[in-house]
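Subject: Structure handover

Hello,

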Amino acid sequence: MEPISWGAIFTQILIQFTPVWIALIVLFAVSIRYKRRLGLYGKLFDSVIGMIGFALVMFWVFTAIFAGVFDLIGTHDPLAQVSGMKNKVPGTPVRGAEEGEFTHYLLGGDKLARDVFTRMVLGSTVVIAIAPLATVFAFMVGITLGLPAGYYGGRLDTTLSFLANLILAFPVILLFYLLVTPEIVQTGLPQFMAVVLFLFPLVFFGVLIHSRFRTQPSRNMIWLAVVLVPLVLLYMSLINESGSKISFWPLDFFDVPGGILVVFVSVVFVNSPTVFRIVRGLTMDIKTRDYVAAAQTRGERPWYIMLWEILPNARGPLIVDFCLRIGYTTILLGTLGFFGLGLPPESPDWGTTINEGRKLLSVYLHPALPPALALLSLVLGLNLLADGLREESLRD
Amino acid sequence: MGLFILRRVGVMILTALCLTYIVFFLTNLYPNLEKLAKTQGNFRMTDEAVASWLTDRGYMQSMPKKYAEWIGVAPSFRHVDEDGKITGRCILPGQDPAEAPQYCGILQGHWGWSTVFKDKVGDIIGQRLSLTGILMFWVMVVMVPSALIVGVLAGMREGSVLDRSLSTVSITSTATPEYVSGVIFIALLASSKSPLTNWLRENGWIEGKTVFKGSATSAMENPTFENFTLPVITIALYGMGYIARMTRASMAEVMVAQYIRTARLKGVSFYNIVVKHALRNALIAPFTVIMLQFPWLLNGVVIVETLFNYKGFGWTLVQAASNNDIELLLGVSVVSVIVVLVTQLISDIGYVYLNPRISVT
């Protein structure tokens, strides 16, 4: 087998991504066709910047889905070490490739002779699985605490703001080192934090439904049961892990694999205070509006006003911040990987692979650059998307 | 104003106490202490041996008591062994226990002993902090002016081609964390295998093997253009985009103000409007943002110092944290928490001073 040229490598990479291209084209065609009926999402397609950002983000989302769920895009096993492929340059043929196996390492081999291209592709699944979900949790925490702080003010606000500032004054990396080291994990501290932090979505949805249907007990009960029972089951199996400090719940459906829970908790913990501050500020602004006064005169309860009057009207800035925050969470995950914290060392996530590749950077460029550029493009896409959304939501 | 500053300082001290207590608590959890005992004593210690090693050194006291001792508001722990020999944190080897001070904590300037560097924590931090100070100085010199220029140029004509392209540049720079831009810079400019470097060398434009150096270790004694450029621009780039965008937003807001329109109608030239009328008002918001960037810069410093092997404050943090060097880690945390809180205070006070519309009373 001959090594292949840069042109051939490039073409072959484009071919490997075929399912992603098809999915992107279908998504864009449908969205542009029906953009007038799709609200804010449809308006996104009026802004070039927003469209570019959305395309970059969806590229990685589709890549994560096709590579992680259907095992499509990658060419090799991300953990397989093929002898003779250590640090080989892009386009090197795989020694002893059997029938039906892919014949080349498209972007070369890393220092453990694994395929760089496959690892970069699979790295997206780690990020796409953790970052948006962690951001959702951070928003739940921030909204549940920020609304009352801004609405009631006074002592509650002072206390919560003080606590938020406390976390914000902590250098993030120091916090990570303190939370994610094996000794601390052994004490069960991150798990106890998970117990508290993951409770917020339950509280949020419970209060959301109850404040709406308070006067109709039968509907209230049905809604609460439909939403809360699965959430409670999910919550219990999330925090419960056999063999750790918290292990008493019989209905444990799944265990979160090694280190992911710790990483998840610390990322949520770091992001929540900022969301809290944003929500608090927005609430303080919106609570002076006439429709809030009208609701108060009508005799609505405070939580109804917060969740059904103030929150929907704060959605514009919150959606924009949500996009930016996923990007920031991606950067944080990369930072954790870069310092070798939390995630297992063989994990294909971008931070870990950048960290591995950088040590040989003066001699071999190819192991570190692909994950670095991948991370850059995803975060850039999210920032552009946020910019496009901001522009379009300001227009009306 | 005096009362405002006093109250802010009070809150700041309370925050500092809470944060240092959290760090103290987390670093003094039993598994950490056990690891400390095993690395300092020996690795095959039994559980009882570990417990007695820790008891003799006062590690088994209650957390608040240990914290008070460490701060220096409680008399420090002393241990009397079977021979009647007294040992304790305050008593240096060979010193007479009667002469040693009763209190020795942060307040007395006794920061402890680093187990990794085998040196006094206070000395290590002072040394490393001055190295990082040099780095931060150059980062500020590069970052602040370029961010302000980009922001003002983009914001003075909102929506123009110049604005669009500069805004894209600043969005890209905020989307590039230090460990990505650093790796890209090293790959392009500091690696002998880089196609860009090879091309420059073939044309005879550079003399050495590479344009810049990928390691800043030599910059600790002698910072030069060659070994210090990459770390500085790597940190500056990430912060720059954010400040530039703030400046742009603030500038764009000022440019549509009534008094700018009046100036324009009076016939003032565009240059004078921007420089004399708009700039001062537009720079209030970026000032606070620049001050609040310090905590983020600290992050960047840790990443860049690790990446470029520049043995400053951030590098020390990583070493202390990954080697379970409890007293050094505590010292590093105290310093970084104080840096963050003081910059927040300066930013608050500066904001009030710069903006006459805000009254503190």
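Helix α9(B) has a kink of about 30°, centred on B:L237. Please keep in mind that this is a predicted model. The helix covers residues 225–255 of chain B, 31 residues in total. A straight helix at 1.5 Å a residue would reach 45 Å, but the end C-alpha atoms of α9(B) are only 38 Å apart.

Now to chain A. The chain is divided into domain 1, made of 6–123 + 364–395, and domain 2, made of 124–327. Their C-alpha centres lie 31 Å apart. In the contact between them, domain 1 of chain A contributes 19 residues and domain 2 of chain A contributes 12.

Which helices of chain A supply at least two residues each to the side of domain 1 that touches domain 2? They are α4 (48–68), α5 (116–152) and α17 (369–395). The most comes from α17(A), with 10 residues. By type, the residues on this side of domain 1 of chain A are 13 nonpolar, 5 polar and 1 charged.

Regards

Definitions and conventions:
Residues numbered from 1 in each chain as written. Chains lettered and ligands numbered in written order. Predicted model: local features only at pLDDT ≥ 70, side-chain atom pairs only at ≥ 80, totals over all residues. Domains from an automatic or database assignment. Contact = placed C-beta atoms within 7 Å. Helix = DSSP H or I, 4+ residues; strand = E, 2+ residues; numbered from the N terminus. Nonpolar A, V, L, I, M, F, W, Y, C, P; charged D, E, K, R; others polar. Expected span 1.5 Å × (residues − 1). Bend = angle between axes of the 7 residues up to and from the residue.
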